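Keep the structure open as you read.

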Amino acid sequence: MKKYLQIVLFFITLNVFSQTAYKEGEHFKFKISYGIINAGVATLDLKSTTYNGKSVYHAKGVGYTTGITKTFFKVYDDYQSYFDKKTGVPYRYIRKIDEGGYTKNQEGFFDHSSKTVLVKDYKGKTNNTFNVTTNVQDIVSSFYYLRNHPKIDKLKNGESIEIDMFFDDEIYKFKLKFIGKEEIKTNFGKINTLKFRPLVQSGRVFKEQESLTVWISDDANKIPLKVQASLAVGSLKAELVKYSGLKQKLGTK
């Protein structure tokens, strides 16, 4: 269950898809459930700020377990990203996690001119520099980048978009495979959605993600409405229960 909970918390930071789909002030709240058990909550917020004199967005995603789940598996994850308003390239990321006693406290600083990222590990008291690719993204900025991807509304069933994502001191080839459209019931009524399945290289930390499905609003906002992971026993699900600050009215194309 631990890996699936981490994956779902990861994917609900995916304030995902479409041309100029977001603006500062967006807020999302998700309910995470394991079967009939309320397992946790996740939030995602987007603000404007400056970083080294540049105009940037500051995205912050927080996920944590609640209720009975918290008593046997405590999670509190804090993922943040500072990325350029015009290009979407990340300049800095923050990752502070506590997952059942497994902890990390890191910051990453991208230097796109030298194609490197300096990772400061405050827990391990180390500084390491890694080579990265031209259009690399961090775990949070990836989804804002995809949100504005020019192909996102042009994919045919079975087609994918691939990006380079820096995570856990290496680059992952992160793919999203489009698997069709579907109308789903939500807290806000029936909404037309685009369905995606994340695909990554087998044997890596996200090897189970082929069992994960993401439903995104098929409108100008392209917001995540539901994430579901099929487990050997039962399933883990995240559903949007509250939102505010959208650029467009939900459902508007």
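Beyond its neighbours within four places in sequence, Thr-116 is in contact (heavy atoms within 4.5 Å) with Phe-109, Phe-110, Asp-111, Thr-129, Phe-130, Asn-131 and Val-132. The model is predicted: local features need pLDDT of at least 70, side-chain atom pairs count only at pLDDT 80 or more, and totals for chains, interfaces and linings use all residues. Residues are numbered from 1 along each chain as its sequence is written, and side-chain values use heavy atoms, leaving out hydrogens and water.

**Thr-116**
- Thr-116 belongs to strand β7, residues 116-121 (strands are DSSP runs of E, at least two residues; helices are runs of H or I, at least four; both are numbered from the N terminus).
- Its relative accessibility is 15%, so Thr-116 counts as buried (under 20% relative accessible area; exposed is over 50%, partly exposed in between; 1.4 Å probe, protein chains only).

**Aromatic pairs**
- Rings of Phe, Tyr and Trp (its six-membered ring) pair if their centres lie within 6.5 Å; planes under 30 degrees apart are stacked, over 60 edge-to-face, the rest tilted.
- By this rule there are 16 aromatic pairs.
- Tyr-22 and Tyr-57 are edge-to-face, because their ring centres are 5.4 Å apart and their planes at 75°.
- Tyr-22 and Tyr-57 are both buried.
- Tyr-22 and Tyr-144 are also edge-to-face, with centres 5.1 Å apart and planes at 85°.
- Tyr-22 lies in the loop between α1 and β1 and Tyr-144 in helix α3 (residues 141-147), so this pair ties together parts 122 residues apart in sequence.
- One aromatic cluster is formed by Tyr-22, Tyr-57, Phe-83 and Tyr-144.
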